[in-house]
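Please read the following notes with the model open beside you. They are arranged as numbered points, each on one topic.

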Amino acid sequence: MSLGRDFVRALRQIEEEKGLPTETIKASLEAALVSAYRKHKGGNQNVEVHLDLENGEFSLHEVRQVVEEVEHSDTEISLEEAREKGYNDIHTGDLIRMEVYPQGFGRIAAQTARQVIIQRLKDAERQVIFDEFSGRVGELVNGIVFKAEEEHVLVRLNDRTEAILPRDERIVGEYYAPGHRKKFYLLDVRRTTRGPRIVVSRTHPGLLRRLLELEVPEIQEGTLEIKGIVREAGARSKVAIHTTDPNVDPVGACVGAKGARIKSIGEELGGERMDVIIWNNDPLQFIKNSLSPAKVVKVEPVLETEKAVRVFVRPDQLSLAIGKAGQNVRLAARLTSWKIDIKVLEPERMPTLQDLFEDIVKGGTSKEWENKEEG
C-alpha cells in the first residue's frame, strides 16, 4: 500500500521549510495508522506498521499468538488455522506476523497521514512559540492590541503569537483600541492543550523597572540600582534608587534633562506620576525620603509596635505628606514596609511685640523689674 508520491514531496517540503524532523512524523504516522486500522477493523488487534519515507510505501501486519483454543480472535490464532495460512514450522505459544491488505484502507491511510502532518505542524509551531517566550518571562515586550473584549484584551506580539491582557492587569481608565501599540510586561507563559498561553501586564512593577532600564543608561550600566518599586498603576508610583557613585545624582539621572526621561516613562504609562526616592540603609532616613515631595521634620519609631513610626511634619506639609486620598503615605508605607503615622508638629513661635505689650499690661514685666531693683 502507498501514501502516494505527493505525500513524499510534501514531507520533504515540510522538513525543509518548517524544520520538522521526518523521524518525528514517521513515528506519529505509524501510531496513527495503527489506530486507524483498529478503528477500520473494529477490534483491538496487535498491529505493526512499517513505513518507507523514501517512496511512501507502507505495510500492515497483525501479530497473533498461536494457541490451542482461540478465546480472543483479535490477538490469537489456532495452530490449525495458522498452518492453513502457510505457517508450518510453528508451535503453540509462538507469535506470527500476518501481512494484511484491508480493502479501502489506502484512502483511510492517506486521510490519516494528512491529519497527522497538520497536527504535527501545529504542535511544532506551538513548541517554537513556547520556546521563544518561556525564557523571556519578566522582560519587556512590544505588542499591538487587535481585539478588546470585556474580560480580556488580545495583543499580537508577532505574526504568529498572541497574548492575553487580563482585566486585573490593565491600567484603570486606559483605553485599549485595536491598532494601539504599547509596551507590556511578560507575566506568564504556560502550555495548554490549545497551545501556549501568554499573559502580559500593564500594572506590574516590573514594567516600570524595564522602562527605567530602557530610558536611564546609568541603571543599565549599574551605576544606579533600583532597590524597590511600588505602583498604583496609571496614577502614581515610587521608585527607590541607590547610587554606587557619589558623583551621580540618582534623582537627576532618572528625571533627565528638562524631565525628558521621566516624561517619556509617564507617557508610556498613561500619565502615571513617578517619585524617585533616594534609598538609604537607615530605615528612618529611608522613610523620611519615601514621603517626598513632602518635607519631614522628624521620624520617631513606635516602640510598642514592630516596624511602625510616627512622622512629624509642619502643618503646611500635611496634605502633601498624606497625598490625595492617602496615596503618598500609602505608597511610602508599601515601599519601606513600615507602618507610617503622620503627625502635625506645631512650630515654636517667637514672641511678637503684641505679646510683650500684653505682658506689660498684665504687670508681669514691671514686677520682675521691681524685684531686681530691690535686690
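1. Ser78 is buried, because its relative accessible area is 17% and buried means under 20%, with exposed over 50% and partly exposed in between (1.4 Å probe, protein chains only). The residue belongs to strand E3, residues 76-78; strands (E, at least two residues) and helices (H or I, at least four) are DSSP runs, numbered from the N terminus. Leaving aside residues up to four places away in sequence, Ser78 touches Val66, Val67 and Val70, where contact means heavy atoms within 4.5 Å.

2. A word on the source: this is a predicted model, in which local features need pLDDT of at least 70 and side-chain atom pairs count only at pLDDT 80 or more, while totals for chains, interfaces and linings use all residues. Residues are numbered from 1 along each chain as its sequence is written, and side-chain values use heavy atoms, with hydrogens and water left out.

3. The largest nonpolar core has 24 residues, and Phe7, Leu29, Phe58, Leu60, Phe105 and Ile117 touch the most other members. Such a core is a set of buried Ala, Val, Leu, Ile, Met, Phe, Trp, Tyr and Cys residues joined through side-chain atoms within 4.5 Å. At least two residues each come from helix H1 (5-18), helix H2 (22-41), strand E1 (46-51), strand E2 (58-67) and helix H4 (105-134). H2 gives the largest share, seven residues. Another core, of 19 residues, lies apart from this one and includes Val216, Ile226, Ile229 and Cys254.

4. Strand E5 (residues 140-148) and strand E6 (residues 152-158) run antiparallel and are joined by four bridges; two strands pair if DSSP finds at least two bridges between them. A hairpin of three residues connects E5 to E6. Which residue is the bridge partner of Lys147 in E6? The partner is Leu154, and Leu154 also stands opposite Ile164 in E7. Six bridges link E6 to strand E7 (residues 161-166), again antiparallel, and two residues lie between E6 and E7 in their hairpin.

5. An open sheet with mixed pairing consists of three strands in the order E13-E14-E15. Strand E13 (298-301) and strand E15 (339-344) are the edge strands, each pairing on one side only. On average, neighbouring strands are turned by 25° against each other, direction ignored; axes are lines fitted to C-alpha atoms, for helices over the stretch in contact, and angles run from 0 to 180 degrees between N-to-C directions. Helix H9 (residues 283-290) packs on this sheet and touches E13, E14 and E15, its direction making about 130° with that of E13.
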